[in-house]
Amino acid sequence: MSRFLSNKYASLEPYTPGEQPKTRVLTKLNTNESPFPPMPEVVEAVRREAEILQLYPDPDATELRKAIAKRFDVDPDMVICSNGSDETLYFAFMAYCDAEAPAVFPKISYGFYPVFADITGISSREIPLKSDFSIDPEDYYNADGTVFIANPNAPTGIPLSLAQIEGILQNNPGNMVVIDEAYVDFGTESAVPLTKKYDNLLVIQTFSKSRSMAGMRLGYGIACPEVIADLNALRYSTNPYNIDRLAIAAGVASLENDEVNAANCRTVMENRQYTVEQLKALGFEMTDSTANFIFVKHPEIGGDVLFRKLRERGVIIRHWFKPELNDYNRITIGSREQMDILLREVRDIFKEAGI
Ligand code: PMP
């Protein structure tokens with residue numbers, strides 16, 4: 001760091017994204033991207049919009065908010081769009097956390113939550129998971145702070161039911177509850193319908209995973225209009241043109257053909273089932289994931305060892321070099337072909353190691 005950096009950032013520990021290799025790797029299963037390319041309608045919409053890049057985009061992303069509102073049967077003034085869902089999360093930390101309202105989230109969850117807490121200068125309370133890695137919803141009753149829960153949770157993939165989410169909302173009438181649904185489309189029930197009933201709920205979703213658009217950086221939040229107005233005040237105070245023309249056009253085109261995205265999600269879920277069965281047959285243990293990734297360990301090989309050996313063979317999965325997660329790896333569910341390469345390499349590694 002330079003000698004000019006403000007002291008308030010001296011101890012900041014930035015979020016570490018999963019590796020994005022500079023060259024195309026054989027099998028990339030480390031950052032939960034979709035194995036499917038964007039649909040042709042999305043590519044064509046982007047191409048068309050690229051012809052008028054001399055003009056600023058609509059700061060209210062009106063067409064996209066309308067499309068999202070239609071898709072989820074809510075009013076457009078219940079929707080905010082952002083540069084990835086990370087940005088809506090950041091707005092929520094800025095808007096709803098302070099000395100009176102610390103951030104409350106699971107100890108094992110999305111690694112960005114503690115970083116957002118840090119950069120917004122607020123304290124956080126990290127609640128341990130149960131021994132089976134699940135979240136006990138009652139731990140979040142009367143939270144005395146702003147609750148952030150990824151549903152399904154990451155990197156475990158374990159979901160809470162809608163009834164459990166509703167329990168958290170009912171038992172926090174004075175606290176904001178943020179449900180991060182980045183991975184909801186792979187088999188978890190969404191809490192979006194509850195946004196019409198609870199003014200303390202903000203649901204966050206993304207185009208990055210189920211809609212094959214991680215490279216476009218597009219996310220959104222859905223909540224009652226008053227909450228959306230709060231978030232917009234922060235958005236207009238930081239970056240009113242936070243999503244560009246290409247992202248707006250791509251998002252609209254994607255939602256016009258959302259059944260294609262849904263079919264892709266079904267394929268990923270089938271591939272998940274297949275991979276789970278094959279890995280279990282090899283002795284792996286894992287959580288019951290409803291996400292586009294699985295969280296696995298094997299009693300006879302360290303998580304870090306498997307991660308390194310797969311990497312040498314061109315298969316990248318995600319490992320955290322932290323004591324509590326060292327036995328585990330998170331593996332993105334990709335195409336059937338990608339999963340077969342993973343399985344082939346795992347079998348080979350096991351053969352070599354005499355497992
Ligand atoms: N929430 C969770 C739980 C995630 O894993 C991610 C992806 N890293 C995000 C939010 C943010 O995704 P994006 O900014 O691409 O929408």
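Guide: Gladly! Let us begin with one word: a residue is called buried when its relative accessible area is under 20%, exposed when that area is over 50%, and partly exposed in between. Please keep in mind that the model is predicted.

Visitor: Which residues of helix H2 are buried?

Guide: Helix H2 covers residues 62-72, and its buried residues are Leu-64, Arg-65, Ala-67, Ile-68, Ala-69 and Phe-72. They pack against strand E2 (79-82), strand E7 (201-206), strand E8 (219-223) and helix H7 (245-256). Just after H2 comes Asp-73, with a positive phi of about 55 degrees.

Visitor: How do you know that the buried residues of H9 line one face of the helix?

Guide: Start with the list: in helix H9 (residues 303-312), Gly-303, Asp-304, Leu-306, Phe-307 and Leu-310 are buried. Looking down the axis of H9, you find these buried residues within an arc of 165 degrees, so they line one face of the helix.

Visitor: What do the buried residues of H9 pack against?

Guide: Their partners are strand E11 (315-316), strand E12 (329-332) and helix H10 (336-353). Just after H9, Gly-314 has a positive phi of about 85 degrees.

Visitor: Why is Phe-133 called buried?

Guide: Phe-133 has a relative accessibility of 13%. The cut-off for buried is under 20%, so Phe-133 counts as buried. Phe-133 sits in the loop between strand E4 (124-127) and E5. Its phi is positive, about 75 degrees, although Phe-133 is not a glycine.

Visitor: Is Asn-142 buried or exposed, and why?

Guide: For Asn-142 the relative accessibility is 58%. Exposed means over 50%, so Asn-142 counts as exposed. Asn-142 is also in the loop between E4 and E5, and its phi is positive, near 45 degrees, in a residue other than glycine.

Visitor: What makes Gly-157 a buried residue?

Guide: Its relative accessibility is 0%. With buried set at under 20%, Gly-157 therefore counts as buried. You will find Gly-157 in the loop between strand E5 (146-150) and helix H5 (162-170). Leaving out residues up to four places away in sequence, Gly-157 touches Pro-152, Asp-288, Ser-289, Thr-290, Ala-291 and Phe-293.

Visitor: What kind of peptide bond leads from Asn-151 to Pro-152?

Guide: That bond is cis, with omega near 0 degrees. Pro-152 belongs to the loop between E5 and H5. Pro-155 lies in the loop between E5 and H5 as well, and a cis peptide bond with omega of about 5 degrees joins Ala-154 to Pro-155.

Visitor: Why does Ser-190 count as buried?

Guide: Ser-190 has 18% relative accessibility. That is set against a cut-off of under 20%, so Ser-190 counts as buried. Ser-190 lies in the loop between strand E6 (177-180) and E7. Along the chain, Ser-190 and Asn-151 are 39 residues apart, and 8.5 Å separates their C-alpha atoms.

Visitor: How do you know that the side chains of Ser-190 and Gln-205 make a polar contact?

Guide: Their distance is 3.5 Å. A polar contact needs a pair of N or O atoms within 3.5 Å, one able to donate a hydrogen and the other to accept it, so this pair is a polar contact. The side chain of Ser-190 also makes a polar contact with the side chain of Glu-181, at 2.7 Å.

Visitor: Which residues are around the ligand?

Guide: They are Gly-84, Ser-85, Asp-86, Tyr-110, Asp-180, Ala-182, Tyr-183, Thr-206, Ser-208, Lys-209 and Arg-217. By class, this shell has three nonpolar, four polar and four charged residues. A polar side-chain atom of Ser-85 is 2.7 Å from an oxygen atom of the ligand. For Tyr-183, an N or O atom of the side chain lies 2.7 Å from a ligand oxygen atom, and for Arg-217 a side-chain N or O atom is 2.7 Å from an oxygen atom of the ligand. Taken alone, the ligand exposes 400 Å², and the protein buries 91% of that.

Technical notes: Residues are numbered from 1 along each chain as its sequence is written. This is a predicted model: local features need pLDDT of at least 70, side-chain atom pairs count only at pLDDT 80 or more; totals for chains, interfaces and linings use all residues. Side-chain values use heavy atoms; hydrogens and water are left out. Helices (H or I, at least four residues) and strands (E, at least two) are DSSP runs, numbered from the N terminus. Buried means under 20% relative accessible area, exposed over 50%, partly exposed in between (1.4 Å probe, protein chains only). Contact means heavy atoms within 4.5 Å. The arc is that of the directions from the helix axis to the C-beta atoms. A residue is near a molecule or strand if one of its heavy atoms lies within 4 Å of it. Accessible areas come from the Shrake-Rupley method with a 1.4 Å probe; for residues, only the protein chains shown count as cover. Ala, Val, Leu, Ile, Met, Phe, Trp, Tyr, Cys and Pro count as nonpolar, Asp, Glu, Lys and Arg as charged, and the others, Gly among them, as polar.
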